[in-house]
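Please read them beside the coordinates.

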Amino acid sequence: MTAPLTPPHQPPPHDSDGWPAPYPPLTESDGIPSAATELRQAAVVAAVSAVAGVGLGLLWLWLAPRVPLISDGKAVFLRHSEGESAIGADGTFVLLALGFGAVAAGLVFLLHRHGGPALVLALAGGGVLGSLLGWGVGTFLGPTHDVVAHAKAVGPSVVFDAPLKLEMWAGAMMAWPIAAMIVHLALTALFGPRDPEPDWPPTPPMSPTGSLPQD
């Protein structure tokens, strides 16, 4: 009497010896950081991203187009009413923030290839902090916000620069974190570590009668 026919891709019923041994838990020696290590790495990423906001603010102050103002002694006017310098300041900040976010994501991926959700959240949170700091540095070091006092100081019919500001403030603050998360996700999908393939046992040979051999 022969045993029931079993599909060749499945081990015999009630035969636990045919299944591969479970994989041992991954440790830091395998390149996978522990939870504590990942939290420390995330804190460093957030802090460095926030400090990098100083560079964003200085570049924005240097590259952003200026809005020229002029006074007639009684009121302050735009020198060029059709000018697009105000929109240009927003665009410059957003482009710089996108670049900072992409670079931050690339560096984090290269240094912490096995990073988990904590690093991604740190990239996003650090990007928001860096954007806020960059905006603060640019507006603080730029032309004064007291336009009336500035107009009186330079005198009538003298052109001076308007304060540096963001018209689309909320959107500009999100450019850095969005770019960082998208770039990091793309790098992880393309070049991230892969899970090991399971080592399945060889298929038992079939007997000439089409049944599995008996022990």
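1. T139 is buried, because its relative accessibility is 12% (buried is under 20% relative accessible area, exposed over 50%, partly exposed in between, with a 1.4 Å probe and protein chains only). The model is predicted: local features need pLDDT of at least 70 and side-chain atom pairs count only at pLDDT 80 or more, while totals for chains, interfaces and linings use all residues. Residues are numbered from 1 along each chain as its sequence is written, and side-chain values use heavy atoms, with hydrogens and water left out.

2. Helix 3, residues 117-141, holds T139 (helices are DSSP runs of H or I, at least four residues, numbered from the N terminus). A polar atom of the T139 side chain lies 3.1 Å from the backbone oxygen of G136.

3. Leaving aside residues up to four places away in sequence, T139 touches W60, H145, L164 and K165 (contact means heavy atoms within 4.5 Å).

4. K165 is partly exposed, since its relative accessibility is 48%. Its side chain forms a salt bridge with that of E167, at 3.8 Å from N to O (a side-chain nitrogen of Lys or Arg within 4 Å of a carboxyl oxygen of Asp or Glu). The count by this rule is one salt bridge.

5. Helix 1, residues 35-63, packs on helix 3 at about 25°, the axes being 6 Å apart (axes are lines fitted to C-alpha atoms over the stretch in contact, and angles run from 0 to 180 degrees between N-to-C directions). The two are therefore roughly parallel (angles under 35 degrees).

Terms used:
A polar contact is a pair of N or O atoms within 3.5 Å; within protein, one must be able to donate a hydrogen and the other to accept it, and residues adjacent in sequence count only if both atoms are side-chain atoms. Angles under 35 degrees count as roughly parallel, over 145 as roughly antiparallel, 65 to 115 as roughly perpendicular and the rest as oblique.
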